[in-house]
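Trainee: Could you walk me through this protein slowly? I am new to reading structures.
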Amino acid sequence: MSKFCMQCGKEIEDSADICTFCGAAQGGGVTSGGTDTVKNTNKAVAVIIAAAAVILVILIVLVNLLFGGGYKKPVDNMVKAMETGKGKYLYKAMPEFLIEYQYEDEKKSDIYDDLDESMELITGMLEEEYGDDIKISYKIKDKDKIDKDDLEDLEDSIKDKYDEKVRVSKGYELKVKMKIKGDDDKDEDTTTIKVYKIEGDWCLMDSIF
């Protein structure tokens with residue numbers, strides 16, 4: 001019984017695994033070149049999956065920044081400032097115009113030193129009340145969007161008081177449950193904190209004035 005190539009149709013030996021005319025594999029066999037192709041395909045799929053995962057992570061980060069996650073930053077920094085007594089964290093929670101107004105052309109290191117003194121007083125008071133190794137945690141229980149009219153009123157107030165025209169694009173009134181713990185005692189309380197997005201950066205205002 002004659003055997004014909006599955007690719008080109010020419011007659012070949014019955015025992016031939018490869019066509020002597022066109023080189024095609026017979027009987028469903030896979031040549032070494034076919035194996036390499038499969039490996040390359042698998043690598044390409046793995047690269048595509050990895051790239052998709054990276055893009056997904058980037059999208060999640062962007063969504064958090066653009067649609068709400070950023071408003072917690074100034075609260076985080078204020079809590080760190082109270083825990084550590086370090087003014088650099090308070091600096092990060094303050095609006096830029098206020099820093100420029102209060103400190104004009106001072107170097108950042110000098111501003112940190114000045115803010116350190118203020119925060120060390122607060123941390124010291126907490127240590128007297130609760131003991132050393134102060135730890136503060138918080139949980140946002142509720143979040144109310146601040147009305148546009150109130151944001152405009154804040155813009156006017158800043159203009160009158162600091163002679164600075166800034167854009168306050170968004171704001172939230174946060175109901176925050178805070179827990180304070182030291183070596184000697186602990187306590188918890190619920191308070192209200194307002195955060196504002198001023199010139200694109202989330203910051204505190206009411207807690208600083």
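Mentor: Let us begin with a definition: contact means heavy atoms within 4.5 Å. This is a predicted model, in which local features need pLDDT of at least 70 and side-chain atom pairs count only at pLDDT 80 or more, while totals for chains, interfaces and linings use all residues. Residues are numbered from 1 along each chain as its sequence is written, and side-chain values use heavy atoms, with hydrogens and water left out.

Trainee: OK, and how many helices and strands are there?
Mentor: The protein has six helices and six strands, where helices (H or I, at least four residues) and strands (E, at least two) are DSSP runs numbered from the N terminus.

Trainee: In what order do the strands of the open sheet come?
Mentor: The order is β3-β4-β5-β6, with antiparallel pairing, and two strands pair if DSSP finds at least two bridges between them.

Trainee: Which strands stand at the edges?
Mentor: Those are β3 (135-145) and β6 (201-204), and because each has a single partner strand, one side of each is left without a neighbour in the sheet.

Trainee: How many bridges join β5 to β6?
Mentor: Four bridges join β6 to β5, which covers residues 186-198, and Y196 stands opposite C203 in β6.

Trainee: Which helix lies across these strands?
Mentor: Helix α2 (residues 73-84) lies across β3, β4 (168-181), β5 and β6, and runs at about 155° to β3; axes are lines fitted to C-alpha atoms, for helices over the stretch in contact, and angles run from 0 to 180 degrees between N-to-C directions.

Trainee: Changing topic, what share counts as buried?
Mentor: Of the 209 residues, 29% are buried, meaning under 20% relative accessible area with a 1.4 Å probe, protein chains only.

Note on methods
Buried means under 20% relative accessible area, exposed over 50%, partly exposed in between (1.4 Å probe, protein chains only).
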